Amino acid sequence: MIRLGIIGAGAVAHFHALSAGRINGVELGAVCDLREEAAREVARLCGAEVYTDYLEMYRSAGLDAVIINTPHALHLEMVLAAADHGLHVLVEKPMATTVEDCDDMVRACGKAGVALAIGQIQHFLPEKIAAEKVLAGGELGRVLMIRDYRSTDYRPGTRPDWFFSKRMAGGGALMNIGGHCLDRTVWFGGAEVESVSAGTLSRFGAPVETDGALSLTLRNGVHVTISVVSDPPARVDEVLIVCENGSISTSPAGGTLVRSNGVSRTVWEPRPEDIQEGFFLQLQDFITMLDGGVPKVSVEHARHIVQVILAAYDAAESGTAVGIPPARQPIPAVSRSLLNGVH
Ligand SMILES: NC(=O)c1ccc[n+]([C@@H]2O[C@H](COP(=O)([O-])OP(=O)(O)OC[C@H]3O[C@@H](n4cnc5c(N)ncnc54)[C@H](O)[C@@H]3O)[C@@H](O)[C@H]2O)c1
């Protein structure tokens, strides 16, 4: 039995908790939050223990792995302490607020021999997986260009205060929501970012950026534009992938549509349970990793997302394009079962 803990009983904790309950051989043993009542509510979903001190949970709850679901700047200390306690880690996106912190996490987990996975949920959402399958099928040819437009809401008061602290969140709408857009466009585009130009806005008196526009060139020449806009007239979350022989539009609300030879067809109809399903597939992937499997999303990819968002801030400030150095050698895939010693 793999015994999981969660730190952070916020917006998506119930998705993680309900996912754990669906996987054979996995149990959610403990939930920790500074807000005891919030932890209790999530723990109630599956009869888990409740903690308000995560180090106490690491020491006492008999865990094998932890899901870290807290404000961005806290990810580092919580991952390092998990590694110290021999716990495998699934940490929410963005991996950290600096590239150095990402590297410290990788080093610490590598040294401790524990798995480190990042919750890049886009790779597991059913409508995105439908788009991935169409691209892999080859019918549309190569990806040439991608447009990603996502609305959000960064008006102060619309979300917990820490999202408006650059120190705690690492940035605003781009670090949080733009990270999702970057994650999926780099994935669909098929190569890392070579250079980024960007503009950011801080509206509504917010101390972090509320909106941002990115223009990216990937190493394979694919061009990507990303717009993240706070409080537009209509909610939007659409990726449009333009290929040699057609195009794909994918969004949680509209599903996934393919245009090929002048004909449109739907390859994914949206369902209310799609987001929960994405969290389930993500956790299942993490559990497979503990048994020696290769995770769908590498830590190098997650680190790259942080690196590009930070470069986008530099680009916005300087008004010029910023180049991204080529990635380091990928860390070798886990070759042995990490489950030795699991309870
Ligand atoms: N994958 C997704 O689609 C998705 C969606 C939302 C949020 N997120 C990510 O999840 C993480 C959490 O965001 P959120 O929206 O749930 O935030 P939130 O503010 O709703 O929840 C964070 C929780 O962490 C708790 N917390 C803070 N410091 C703590 C500490 N030292 N010990 C224990 N608990 C502590 C807070 O009390 C709060 O309940 C972030 O990384 C965010 O980017 C991912």
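Nine strands make up an open sheet of mixed pairing, in the order β14-β13-β12-β11-β7-β10-β9-β8-β15. Strands (E, at least two residues) and helices (H or I, at least four) are DSSP runs numbered from the N terminus, and two strands pair if DSSP finds at least two bridges between them. The model is predicted: local features need pLDDT of at least 70 and side-chain atom pairs pLDDT 80 or more, whereas totals for chains, interfaces and linings use all residues. Residues are numbered from 1 along each chain as its sequence is written.

The edges of the nine-stranded sheet are β14 (263-268) and β15 (322-323), each of which pairs on one side only. Two bridges link β15 to β8 (residues 193-201) in the antiparallel sense, and Gly-323 in β15 is the bridge partner of Ser-195. Helix α6 (residues 126-137) packs on this sheet, touching β7, β11, β12, β13 and β14; contact requires C-beta atoms, placed from the backbone, within 7 Å. The direction of α6 makes about 165° with that of β12, the angle running from 0 to 180 degrees between N-to-C directions of axes fitted to C-alpha atoms, for helices over the stretch in contact.

A further open sheet holds six strands with parallel pairing, ordered β3-β2-β1-β4-β5-β6. Because β3 (49-51) and β6 (116-119) each have a single partner strand, one side of each is left without a neighbour in the sheet. Six bridges join β1 (residues 2-7) to β2 (residues 26-32), and Arg-3 stands opposite Glu-27 in β2.

The ligand is surrounded by 23 residues, the closest being Gly-8, Gly-10, Ala-11, Glu-92 and Pro-160; the C-beta atom of each, placed from the backbone, lies within 6 Å of the ligand.

Terms used:
Two residues are in contact if their C-beta atoms, placed from the backbone, lie within 7 Å.
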